[in-house]
Amino acid sequence: MHSHEILLWVGGLFSLLFVISAVLKFVKVPYILSFMLAGILGKELFPEKVLNWVVILEHSAVVLLFFFIGLEYSFERLFGMRRILKPGMVDLFLNFFPILFVSYALTKDLLFSLVVSSALYPSSTSIVAKLLSDYKRLVLAEADLLIGILIFEDLVCVILLSVMSVSVSNAFVMLKSLLFLLLISLIFYLIRDLAHKAINYTDSISQEPIFPFMVVGFLLLLSGLGEWMGASSALIAFLLGVVVPENSLTYRAVEEKLSDLKELSLGVFFFSFTFSSTITFEQNILLLFALLVLSIITKVISTYAGARFYGLSKRASIRASLSFLPRGEFSLIFASLLPTTQPLVFLLVLISSVIGSVSFIYAPKVASLFKEKPKV
């Protein structure tokens, strides 16, 4: 392989991401959707091997994103998220079982229906978290709820992936996953008292050129170990972000030196999302339409109900319910278990991402139309 070939193709990929995003920005299309559309166009322009040259960016995108989300949380704030259990259960039951029943009624295929309902249950961690960050809504009341449900969904999806497999080896995967999560929970509890000692060291080198090597290396190493053990790498990255105190030099150095790497990785991730997927419009239109409408309705209802259980106001609950519609990375993982579901799930993810991103943008305006009842 000649080095100039790699430089040309990768340079062309990044240039395409820039041009499409810059053009679509004028019609207020979110960057995430621009990157996904670039992936569709890229099918006609780039060889498949182009992803091999940016694969580390693709695999580290969600890890970096959730690490940055974790930076916004303290230990106390995270432990206060025990309130997320009831909203999380509402989200699970209202978004899994209705889709399972409707899919089975239309296909009479239980395995197909189980995979599709599992794929459409979770919202996209990357898209929702990225939109929260891009539109400066992490400070709003519903941000804690949405991030909490995303983490809850990650944990449920780990269990679902293990349970749905018919191979004996996955029983071992499930055991490894549970043991690793217990180990991480213990370490996380102990590190509450030890974190300040580690932060003192990282603060001392936060302005050194070697600082990004330490942070990225440690982050990818632990996240990769967690994924190997069957745990969610997004969850591990989130907990590592929580460890960093908001008022530390380390926090400011991470924001300053690693934000661009996070954005670059996410762009490649969403490009590869559509670039590597099989797109076909030869679908059961009734099934596609029924699942699309149902998945939107159930997610709106479950998020609104969960927000009210969580104690949010009516306006905040409406904002939350209209901001949680996109499906994403976990959907594709589930679809990979059964190839016959992949074309359907891809179209549902793509359409829900478009609808969900637009809904996210206009959620505050829609919520502002509803009046709050005056407190007595």
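Helices here are DSSP runs of H or I with at least four residues, and strands are runs of E with at least two, numbered from the N terminus. With that in hand, welcome to this predicted model: its chain has 16 helices and zero strands.

**The chain as a whole**

Of the 376 residues in the chain, 52% are buried. Among contacts between residues at least 6 apart in sequence, 85% join residues at least 24 apart. The chain exposes about 18300 Å², with carbon and sulfur atoms supplying 70% of that area.

Let us start with α5, which covers residues 85-107. Its 23 residues reach 33 Å from the first C-alpha to the last, close to the 33 Å expected at 1.5 Å a residue. Several of its residues are buried, including L92, F96, I99 and S103.

Now turn to α16, residues 342-367. With 26 residues at 1.5 Å each step, α16 should span 38 Å, and its end C-alpha atoms are 35 Å apart, which agrees. Where does α16 have a kink? The kink, of about 45 degrees, lies at I361, shortly before the proline P364.

A nonpolar surface patch of about 520 Å² is made by V354, V358, Y362, V366, L369 and F370. One of these, L369, lies in the segment after α16. L369 counts as exposed because its relative accessibility is 68%, and the cut-off for exposed is over 50%.

**Salt bridges**

Side chains of opposite charge can pair when their charged atoms come close. This structure holds eight salt bridges, and three of them are set out here.

| D134 | K130 | 2.6 Å |

D134 and K130 both lie in helix α7 (residues 125-134), four residues apart, about one turn of the helix. An α-helix has 3.6 residues a turn, so residues three or four places apart point the same way.

In the next pair, K262 is buried at 7% relative accessibility, while E263 is partly exposed, with a relative accessible area of 32%. For the remaining pair, both E142 and R137 are buried.

Finally, K130, D134, K262 and E263 are linked in a network of salt bridges.

Terms used: Residues numbered from 1 in each chain as written. Predicted model: local features only at pLDDT ≥ 70, side-chain atom pairs only at ≥ 80, totals over all residues. Heavy atoms only, no water. Buried < 20%, exposed > 50% of the residue type's maximum accessible area, 1.4 Å probe, protein only. Contact = heavy atoms within 4.5 Å. Areas by Shrake-Rupley, 256 points an atom, 1.4 Å probe, with all protein chains shown as cover. Patch = residues over 30% accessible without salt bridge, like charges linked within 9 Å, V, L, I, M, F, W, Y side chains within 5 Å. Salt bridge = Lys/Arg side-chain N within 4 Å of Asp/Glu carboxyl O. Expected span 1.5 Å × (residues − 1). Bend = angle between axes of the 7 residues up to and from the residue.
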